[in-house]
Amino acid sequence: MTTTTVRPASPPVVTDPSITLRVRRASEDTNTVLWRDMIRTMRQPDMLAFAVVMGVFFLVLFNYVFGGAIGAVAGIDYLQYLLPGVLVISALQGAQQTSMGLASDFSEGVNERFRSLPMSQSAVISGRTIADAVRNIAGLVLVALVGILMGFRFASFGGAVAAIALATGIGYGFSWMGAAIAAKVRQPDMVGMLSMFWLFPLMLASTAFAPVQSMPGWLQPFVTYQPISAASDAVRGLANGVPTGDAIALTLIWIAVLLAIFVPVSVYLYKKVD
Amino acid sequence: MYIMSTKQPMSTASHEPVIDARELHKSFGNVEAVKSLSFSVEAGEVLGLLGPNGAGKTTTIKMLTTLTQIDGGQAAIGGFDVSTQPDVVRQMIGVAGQSAAVDEKLTARENLNLFGRLYKIPRAERQRRTEELIERFDLGDFADRPSSTYSGGERRRLDVVAALVANPPALFLDEPTTGLDPRSRAELWDTVRSLATEGTAIVLSTQYLEEADRLADKILLIDHGEVVAQGTPDALKANLDRNVLEIHLELESGVGDAQELLASEENAVADVEARRIDIHVGNDADRSLALLRRLQDGGISILKFQLREPTLDDVFLSLTGSPSTEIEESTK
C-alpha cells in the first residue's frame, strides 16, 4: 500500500448548504443540463425534423383530405381553423419527446452518472423540459411558416407570437407529464407505447382538427374542457385575432394544473431508487 | 474506531478509512443480493471486489455510491454516512464502469466539461482540469468526437476519466476492463495503480482473477452476496499452501479414465474439454510422482505436467467448491 499523498485538491466539500446556496446551485445545474440537452438537440436534428414533418403531415392531410368536408359543414375557412390546432398538436409531440429523451438517458446509464454527482437531481428534468420547449418553439415556427406558404394568414405579428407562446406553454406542461411517465417506466420502448395512450385521445378527441359540434353529444363535455381543446381554441383565437371566451384562461389553468401535479411527481419518481 | 459524525472533516493523513462499509445488506424482492458485507479502504489502497456475475459486486458499488438504497448496515465515505448524507458523499466519489455511463452524443471534452460543471468546479479550473485529463490519459485523438463513435477501449477510458474530474478521494470502478483488449486493459491497470499512488482510495470490481491479483492491495472474494475469503492476494494464495499438480492428457477420452484412477483424490478437478486435471498436492513431491505413476500404469497418455503455485482460480475453487465458469473463461 502506498500512502504518498500527491493527489491534487478536490473541490471543497459542502456539508450543510443554505437554502440560498441550494437554490443557486439548482439553477446552475438546470443551466448546465439545458446546455447539455441543447447540444444533443443540435446533434439530433431528426428530433426537430420529426416534429416539423408530423406537423406538416397533419396540415396537408387534414387540409386537403378532410378540409372540404369539415369546412363545408362548419362553414369556415378550414386552414384558418386547422393551423392553430396543428401548432398545439406539434407542441404535444414535443412533450412526448421529453418522455423519450429522459427514458433514453435511463437506458444509456447517463442518469446513474447524474445521480452519483453532487447536483440537484430535479435539474435533470427542469433542464430537459426547457431544452424541449426551445426546440418546440423552433418546430412551431417552421410549421407556421409552412402554413403561411399554404395560405394561412395570422391576424397580426403579435397574435402569431402569442399563439406560438401559448402552444409552447401547454407543451411545456405536458413535458413534465412525459417526464413523470419516463421517470416511472424508464424504458424507451415502453414509454413510446404508453405515449400513444395519452397522445391520441387528447389529440383526436379535441377541437384541434374539428369543431366540437361535429362530435357526438356524450363526447362533447370531455372535448370542450380537455387541455388540448382549450389550448387549440385559445391559440386559434390569438392567431385569427378573434375573441376566445374563456379558452386562454382555461389553458393557463391547465398549464398550472399540469405543473402543480407533475413537477413534484416527476422529481419524486426520478429520485426514487430501488 | 468508526465515528459517525455529521461534521467530521475528512483526513487522509490519519488511517481513518476513506471508504467504510459495515455489514451491508441488500435484497431485491426475495433475492438477497448482498448479505452482510464489511470492508474498509484507506487512502492509496485498492480493494478488489472479485466474484462471478451475480455475486453482488455491482450492487455493492451502487450502495456505496448512493445509486441504490442500503437495506441494512452502514456505509461511510470520508466519515460521512452514505444513507443520511448522500449529497455530501457525492462530492467525494467518482464512479465508472457498469454503474454509470457518459453522454453518447457529447464528445469527451464536452462530457468532462459537463461533469466538471455539475461538480461546481469554477470555469478556469474546470478547463485546465479537462485539458490535463485529456493529456494525461491520452484522449486527445478522439476528444472532439461524440463518444458514440468510440471503440470499446476509448469508451472505457473516457468512463474512468469522467470519474476523475473532481479528483475524488474515493473512486469506484465497476468492472472497468470487461470487454477490453489486452493493451487497453494494461493501460487501464497503469492508470489505476498511479491513482492509488496519488492517494485515491479505490474499490475495483472484477471477474478477472489476474486483474485483482495485479491491482488490489486486498481482495474480497464474494459469491452470492457473501464474502468467501479476504486478504492480500498473496495471503489468499498462501492460505492454500498447497501446490497444484497440473496434468495435461493427450486424449479427451483419457480424462474419464484418469478420473476413475484418481477417484480417491478429493482435490482432483478435471476439465474434459481442456484435457486437463488439477490436483492439490501440497509440497509433497513423492505424492506427485505417485499420482503420475498411477496414471501411467493405468495406461493414460500424459502430454505434459507441471507443479505450480496456486492461482486465485484455485482459491476460488477450493473456497466455493465450484469453479466459476465466468472466471475460467475470462482468464483464457
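Which elements cover the buried residues of H5(B)? In this predicted model, in which residues are numbered from 1 along each chain as its sequence is written and chains are lettered from A and ligands numbered from 1 in the order in which they are written, the cover includes helix H4 (110–116) of chain A together with S6, helix H3 (108–118), helix H4 (123–136), S7 and H6 of chain B. Local features need pLDDT of at least 70 and side-chain atom pairs count only at pLDDT 80 or more, while totals for chains, interfaces and linings use all residues; side-chain values use heavy atoms, with hydrogens and water left out.

Helices (H or I, at least four residues) and strands (E, at least two) are DSSP runs numbered from the N terminus, and contact means heavy atoms within 4.5 Å. Helix H5 (residues 152–162) of chain B is mostly covered, with ten of its eleven residues buried, where buried means under 20% relative accessible area, exposed over 50% and partly exposed in between (1.4 Å probe, protein chains only). Among the buried residues of H5(B) are Arg155(B), Arg156(B), Arg157(B) and Asp159(B). In chain A, Thr32(A), found in helix H1, is buried with a relative accessible area of 3%; leaving aside its neighbours within four places in sequence, Thr32(A) is in contact with Leu114(B), Arg117(B) and Leu118(B).

Chain B holds an open sheet of six strands in the order S6-S7-S8-S3-S9-S10, with mixed pairing, two strands being paired if DSSP finds at least two bridges between them. Strand S6 (93–97) and strand S10 (226–231) are its edge strands, each pairing on one side only, and neighbouring strands are turned by 15 degrees against each other on average, direction ignored. Axes are lines fitted to C-alpha atoms, for helices over the stretch in contact, and angles run from 0 to 180 degrees between N-to-C directions. Helix H6 (residues 182–197) of chain B lies across S3, strand S7 (170–174) and S8, running at about 155 degrees to S8(B).

An open sheet of four strands, in the order S2-S1-S4-S5 of chain B, has antiparallel pairing. S2 and strand S5 (80–81) of chain B stand at the edges with a single partner strand each, so one side of each is left without a neighbour in the sheet. Helix H1 (residues 57–64) of chain B packs on this sheet, touching S1, S2 and S4, and its direction makes about 120 degrees with that of S1(B). In the hairpin of S1(B) and S2(B), which has two residues between the strands, Gly29(B) takes a positive phi near 60 degrees.
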